Amino acid sequence: MSEFSPAAGTETNDFSNVGRTRWWRRGFFASQTAYVAAALIAIMIVMSFLSSAFLSSGNLANVAKNFSFVGIVTLGVTLVIVTGGIDLSVGSTMALSAITCAIVMQALSGTVFDGIPLAGMIVSLGAGLGVALLIGLANGFLIARVGLSPFVTTLGMLSIVRGLAYAVTEGRGQAPTGPDVDMFYNITDGNLAGIPVAVIYLLVLAAIMGVVLHHTAFGRHVFALGGNEKAAALTGIAVERVKIAVYVLSALSAGFAGILMVGWLGSAPANLATGYELTIIAAAVIGGANLNGGIGGPAGAVIGALLIEVIRNGLVLAGINAYWQIVLVGGIIILAVLVDRLRTLRMTS
Amino acid sequence: MSLLVLQDVGKEFGAIRALSHVNLTIKPGEVVGLMGDNGAGKSTLVKIIAGNFPPSHGRILFEDREVHFTKPVDARSVGIEVVYQDLALADNLTAAANVFLGREMRRKVGPFSFLDHAAMNRRTAELFRELKSETRPDDVVRAMSGGQRQAVAIARTRLAKAKLILMDEPTAAISVRQVAEVLDLIRRLKDAGIAVILISHRMPDVFAVCERVIVMRRGTKVADKPIDQSSPEEVTALITGAKEAA
């Protein structure tokens, strides 16, 4: 700018004085996500040698579908974690959205909606996602506006929403019915060019999230909130709005995945996705999201969710008792953060 | 013309009188040291100027117009910026991201608007060059030295075309070389015609860069004189109360 006259002395744009870390020690290559991705590839190679069934198309499709549900919600929860929050209510939200979608579809079949193509399905999808939206708004309002702790708020919501799922259905599973039901199964459980649609949804959503996080002002504010919330507020960022938005997006991702699961299962049981919140948070953390906020992204969410599913699948193929899977996932969570910790220690020392 | 004038400004918090009858004038491009012990009313004064809360009584004039600030954004909109002691930076973001935080440059692509990374990096590099700081726009703040962090925080205020910058203890807890860097930054701001109020406990810093020193004690202004007519000994005496007023 012109108001600064360049004072006498050397121009300081050669940076001879300031060192720069090598390219492989910064950015994506130095992130936990990259390490876990490398580990994932190694595990998959080992597994393909150990079990001929691992790379069969049937098994791969199964793995892909299973991890997509968790992966989609992990995307949403990763957003919350990046702001420094946590969302424990996603498992319950998956169930209530799924149940609402199925019940609304049942209720609309046989009414005037049958006459309009796809109307019944669109309204029931809207109802399912609408419930998720309300849950997200409630979480966001209580956390951002009222100032309650994210852990306690979403823990309460976990219980409230799960209870509602049981109360509404009286414990009975709800199957989608009506004239659009074939279409419903196509868009939730179908295949596109041989790939399960759930995988395609996951990858598209991950790509969108990547662009939003790194190339829009909203994404930048999400990171700023996790890095230094006070600073974000001082610069005039609408902290409350951003916070409410991430809880809403998290709940919507859960609602969407819940509805996809109805298509997969053919029914929405009240205990759908019970305990998934922990798998989802584990996937986010394994993928490199930092629970202190400020770090995380869609690649990590996808890789973390895939790693958990590949290990589960591998243990099944190897004929190992399924309970060991739970032990192993716990071990991997700790190992992933431990490796990251050792790496940062080495870099700072 | 005066940049900032406070007339008979006071502030009470319930029964506690934090500030009483403060008059002061800041001219454009002036570097003024604001000194005083803890609880002397420095931060109350700074918070009133920065718009954190309004004074209980008295008037504030900025560029000869009366202003009423109720929140920091009000003060910022007329050209008053604050560099906070903890710098208010997001460690996980790059220098450029911090400089432009909350006022990102965007590019419209159809109905969407995306961050213009190249333009923000370019502008940030310009600001660092002006400040003669060896800081890269795309480096992450976490890995930066104290002096570089100061440069980022000051570059923020330059971006906003500030006319008055309040700096709260910018040299506390940084190394000797970094203190020199920060004092250089303050001189650069003065060269550019920006007024600076330097809140500091460090006598050498104030005497190195300020033209005038204001001393607060127990909520009142006890001294306001050109730096070359005072001495560190006198200022110390004023701060502690060994000398009543000057």
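**Entry 1: B:Ala153**

I looked up B:Ala153 and found it buried, because 26 C-beta neighbours lie inside 10 Å. My cut-offs: a residue is buried with 20 or more other C-beta atoms within 10 Å of its own, exposed with 12 or fewer, and partly exposed in between, the C-beta atoms being placed from the backbone. The model is predicted, and I kept its limits in mind: local features need pLDDT of at least 70, side-chain atom pairs count only at pLDDT 80 or more, and totals for chains, interfaces and linings use all residues. For labels, residues are numbered from 1 along each chain as its sequence is written, while chains are lettered from A and ligands numbered from 1 in the order in which they are written.

B:Ala153 sits in helix H5 (residues 146-159) of chain B. Helices (H or I, at least four residues) and strands (E, at least two) are DSSP runs, numbered from the N terminus. Setting aside neighbours within four places in sequence, I found B:Ala153 in contact with B:Val83, B:Leu87 and B:Leu89; contact means C-beta atoms, placed from the backbone, within 7 Å. I also checked B:Ile16, 137 residues apart from B:Ala153 along the chain, and the C-alpha atoms of the two are separated by 33 Å.

**Entry 2: the sheet of 6 strands**

Next I traced an open, mixed sheet in chain B, with 6 strands in the order S6-S9-S10-S3-S11-S12. Two strands pair if DSSP finds at least two bridges between them. S6 (80-83) and S12 (220-226) of chain B are the edge strands, each pairing on one side only. From one strand to the next, the twist averages 20°. S11 (residues 212-217) of chain B pairs with S12(B) in the antiparallel sense over 6 bridges, and there I saw B:Arg212 partnered with B:Pro226.

What packs on this sheet? I found H1(B) touching S3, S6, S9, S10 and S11 of chain B, its direction at about 145° to that of S9(B). Helix H8 (residues 232-240) of chain B also packs there, touching S3, S11 and S12 of chain B. Angles run from 0 to 180 degrees between N-to-C directions, and axes are lines fitted to C-alpha atoms, for helices over the stretch in contact.

H1(B) (residues 42-50) is mostly covered, with 8 of its 9 residues buried; among them are B:Leu45, B:Ile48 and B:Ile49. After H1(B) comes B:Gly51, with a positive phi near 85°.

H1(B) also lies across S1 and S2 of chain B, at about 60° to S2(B). These strands belong to an open antiparallel sheet in the order S2-S1-S4-S5. S2 (16-26) and S5 (65-66) of chain B each have a single partner strand, so one side of each is left without a neighbour in the sheet. I counted 5 bridges between S1 (residues 4-13) and S4 (residues 57-62) of chain B, and B:Gln7 stands opposite B:Arg59.

**Entry 3: chain A**

Finally, how many residues of chain A are in contact with chain B? I found 28, touching 24 residues of chain B. H8(A) gives the largest share of the chain A side, 6 residues.

How values were computed. Contact = placed C-beta atoms within 7 Å.
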